[in-house]
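Thanks for coming. I will go through a handful of local features in this model, one site at a time. Please keep the display open while I talk.

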Amino acid sequence: MQSRNTAKFVFSNYQFLPAKKVIKFNYHYIFNNGKKLNFTETLNFPNTPKLNLLPKESLKQLLDAIHLMLGISYYKLYCPKTIIQPYKLTGSQADFWTNIYQKGLGEFCFKNKIDPAEIAKFKPTKNSATIASDTEFSNRSLLGIGGGKDSIVAAKFLHQNGFAFAGFVLETQRQSLIINQAITKLKIKKQAITRLLDEKIFQPHENSYNGHIPISAIIAFLSVLNAALFDYRYVIVGNEYSASFGNLNYKGREINHQWSKSLEFETMFQNYIKDNISTGLKYFSLLRPFHELRLAKEFSTEKNFFGSFSSCNHAYKITGKNEKRWCGQCPKCAFVFLMLAPFINKKELIKIFGKNLLADPKLIETYQDLLGFGKLKPFECVGRFEESQAALYLIGQKYPESLVVKKFLSKIKNSARLVSESLASQKVDSVPTPFVFCGMHNAAIIGYGKEGTMTKKYLKKFQPKLKVGTLDSKFDKDYLSKQKDYDIGIKTPGIQKEKIQIPYTTATNLFFSQNQNFTIGVTGTKGKSTTASLIFHLLKTTRHNVELLGNIGKPMLGTLLKDKPNPKKIFVLELSSYQLDDLKYSPDIAIVINLTLEHLDYHGSLKNYNQAKRNITKNQTSDNYFLYLSKNKILSSWAKETKAIKIPFDKVIIKKDLVDQKGVLGNGHYLENIKAAIATVRLLGVNDQDIKKGLKTFKTLPHRLAKVGTFKGITFYDDAISTTPESTIKGIQTLGKVETIFLGGLDRGYDFTNLRKVLKKSGVKNIVLFPDSGKRILESKKGYNILETTSMEQAVMFAYKNTTPGNICLLSTASPSYSVWKNFEEKGDEFIKYIKKLK
């Protein structure tokens with residue numbers, strides 16, 4: 001007897017025949033009685049696939065995955081516990097496929113009374129590994145076209161934002177007249193795959209099961225295959241925010257009819273492609289930030305499609321005759337009618353559907369379930385209860401005599417809030433930066449300083465139809481509460497991402513998304529400004545076309561406003577942890593000078609701070625470079641994981657005479673910065689003779705262990721930039737003979753244990769303590785001459801009075817400046833001012 005308990009399902013093999021434009025995928029069942037049941041599924045391409053885009057191994061990985069994905073249509077016949085597949089899977093791959101089958105068949109299992117945990121457990125193979133290719137595909141897009149309102153709205157958004165795209169169509173068994181009409185009206189190229197299921201799947205089988213499969217997951221894999229074989233970078237689908245919400249809980253897990261349209265699947269699939277196939281293929285849903293109600297409103301202006309679109313599953317049957325676009329009986333028809341009713345003329349809507357569905361007594365129970373007043377959300381691609389209720393509220397006066405309105409309108413509570421939330425954009429982070437403004441009507445620049453001003457100019461040029469507002473504490477102390485008035489925000493680095501409640505991007509991401517030039521990114525807890533400036537100087541003095549941008553230079557977006565940008569120009573970027581915190585790109589050369597504790601008030605934890613810094617190399621490819629301090633264990637661990645070429649700059653061999661110069665550059669404090677800069681410019685062809693000349697003419701930046709002068713025999717050093725214990729320790733050890741030091745500032749909870757030890761060991765005698773951290777820095781004041789003050793003038797007078805001629809007074813506070821000064825520059829300027837005033 002053939003049954004679930006007597007069957008084994010085998011993923012047999014596949015044949016890729018490029019010349020014939022065909023792939024055949026083979027499967028079979030083995031039953032305990034010795035019988036076999038064979039299936040072959042065929043994919044046909046209209047054009048000959050290009051085999052030179054993906055490396056051979058990456059293409060094999062993709063085809064192996066499609067073999068596993070398509071198999072779900074045949075596996076579901078018996079859902080046996082035993083599966084046999086020929087591929088070596090990593091642990092993460094095995095988990096992915098187990099989830100695809102168990103979650104993708106969740107509804108199927110519920111309806112057939114099968115425990116999802118007992119089906120399709122994919123097992124990893126020991127010592128298996130995969131490496132995704134870094135293939136750069138053409139900057140072209142494929143949009144999945146299904147014939148319904150969502151793909152039409154997605155196409156509308158792409159057209160409005162100037163994106164050219166082709167339409168991907170999966171033709172299962174036969175072509176669809178509805179989809180072909182949509183392609184024609186959209187005036188786009190059709191990029192199709194014909195999928196021919198084995199005819200035996202439509203025949204009756206002894207004790208077999210039947211039911212819903214995750215078809216959108218199949219479409220996802222096949223659309224990415226199409227992109228890989230015909231050179232498209234972006235694969236775009238039209239899955240909305242509502243698709244992520246399930247129908248019910250069964251056997252301890254959520255069951256979602258739309259699971260393969262959900263954000264969970266999208267994220268899993270994006271990572272699978274990025275980690276195993278190619279970093280150059282991008283799959284995403286353009287409509288993810290929007291509810292169904294918002295999309296219905298957008299569709300209501302597309303009158304050209306009113307007589308040709310359909311979202312009814314009965315119109316897309318792969319067998320039998322499709323007689324109507326709308327059956328007028330299913331939950332999908334009922335839901336789409338309800339969503340469109342607030343925005344389309346009543347007479348026109350009835351013409352589309354053939355009748356007023358809200359007046360049909362046969363649909364009362366269906367609407368009861370759609371509105372959340374019944375037993376269960378229907379197993380269809382429909383939205384949340386809240387947006388159905390919002391739509392019904394909006395049509396109360398338009399359809400007052402309809403049965404559904406009369407029966408359920410009075411049950412709706414908090415109607416204004418439901419409408420507002422259903423029409424608002426939702427905070428998701430899955431849309432690539434080039435597409436984030438699609439479907440958005442207004443934007444807020446959140447934080448309006450130097451960068452915000454440049455962002456406004458950028459939006460005026462590249463998004464002229466977007467209404468732009470500004471939210472800043474300078475104008476409104478309660479500015480963050482106004483976010484909900486906007487569809488999208490452009491966040492300034494100084495504002496924590498956790499405070500943003502709407503979809504957002506950043507100026508840094510916008511820059512990287514459009515930039516075509518070679519980039520060098522520099523970060524680190526300390527020394528990034530000096531290193532970036534030195535790299536810029538060394539390249540400029542060797543006649544390279546170079547510009548300094550970012551945290552120290554000009555705002556990055558300014559370079560995109562130029563009418564004739566120079567593609568040969570090199571951009572050197574200083575990148576702070578604030579800028580890196582939500583960065584989705586990485587520079588061609590990424591440099592991390594060092595990594596110590598800082599900015600915990602912003603990032604919340606050391607782990608979050610380190611993760612922000614790590615983003616500088618996270619998205620690098622095998623053609624990029626990662627320069628790092630190898631003696632730092634965390635940075636060394638990043639080097640092991642990045643795909644970039646690794647260069648430990650502290651191990652770079654440098655001749656002594658190259659850096660053995662007079663002044664601060666030669667005192668050792670800047671040695672790591674110099675080594676990082678030299679290692680970088682060598683990659684760009686600068687020779688050591690030119691490096692030596694450049695080092696001689698480089699002027700160190702203000703407030704960075706800068707010698708102010710010697711007055712009354714006391715040498716004063718300004719190291720106002722040092723706002724952590726580690727950088728202060730380095731300054732003390734570099735200079736020696738520090739007898740007087742100024743410490744303290746904003747208390748960020750730093751551990752001063754090592755600083756205390758260095759103070760004792762180095763012979764410091766006189767200490768000025770500024771609030772707030774000053775009271776914590778010393779556990780005991782014994783043996784020290786102490787001044788506690790908020791006045792820089794008093795501090796400098798104290799230094800003149802107590803420092804022995806021949807020794808050093810150092811401003812290096814081991815804490816941020818903000819408790820007394822606006823920034824470290826103001827602190828350093830005051831130090832210099834009073835040194836000269838009181839000399």
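Serine 310 is in contact with Gly147, Gly148, Ile178, Ala315, Tyr316, Arg325 and Trp326, leaving aside its neighbours within four places in sequence; contact means heavy atoms within 4.5 Å. This is a predicted model, where local features need pLDDT of at least 70 and side-chain atom pairs count only at pLDDT 80 or more, while totals for chains, interfaces and linings use all residues. Residues are numbered from 1 along each chain as its sequence is written, and side-chain values use heavy atoms, with hydrogens and water left out.

Back to serine 310. The residue is in the loop between helix H9 (292-299) and helix H10 (331-340). Helices (H or I, at least four residues) and strands (E, at least two) are DSSP runs, numbered from the N terminus. Is serine 310 buried or exposed? Its relative accessible area is 1%, so serine 310 is buried. Buried means under 20% relative accessible area, exposed over 50%, and partly exposed in between, with a 1.4 Å probe and protein chains only. The side chain of serine 310 also reaches the backbone nitrogen of cysteine 312, at 3.2 Å.

Next, aromatic pairs. Rings of Phe, Tyr and Trp (its six-membered ring) pair if their centres lie within 6.5 Å; planes under 30 degrees apart count as stacked, over 60 as edge-to-face and the rest as tilted. By this rule there are 54 aromatic pairs. In one of them, phenylalanine 31 and tyrosine 78, the ring centres are 5.4 Å apart and the planes stand at 80°, so the pair is edge-to-face. Phenylalanine 31 is in strand E2 (residues 22-31) and tyrosine 78 is in the loop between helix H2 (72-75) and strand E4 (82-84), 47 residues apart. Both phenylalanine 31 and tyrosine 78 are buried.

Phenylalanine 110 and phenylalanine 379 form a tilted pair, 5.8 Å centre to centre with 40° between the planes. Phenylalanine 110 lies in helix H4 (residues 106-112) and phenylalanine 379 in the loop between helix H12 (364-370) and helix H13 (385-394), so the pair ties together parts 269 residues apart in sequence. Phenylalanine 110 is partly exposed at 29% relative accessible area, whereas phenylalanine 379, at 14%, counts as buried.

Last, a charge over a ring: NZ of Lys or CZ of Arg within 6 Å of the ring centre and within 35 degrees of the ring normal. The charged end of arginine 140 sits over the ring of tyrosine 232, 4.0 Å from its centre. Lysine 185 lies over the face of phenylalanine 305, at 6.0 Å from the ring centre.

Notes
Polar contact = N/O pair within 3.5 Å; in protein donor to acceptor, adjacent residues only side chain to side chain.
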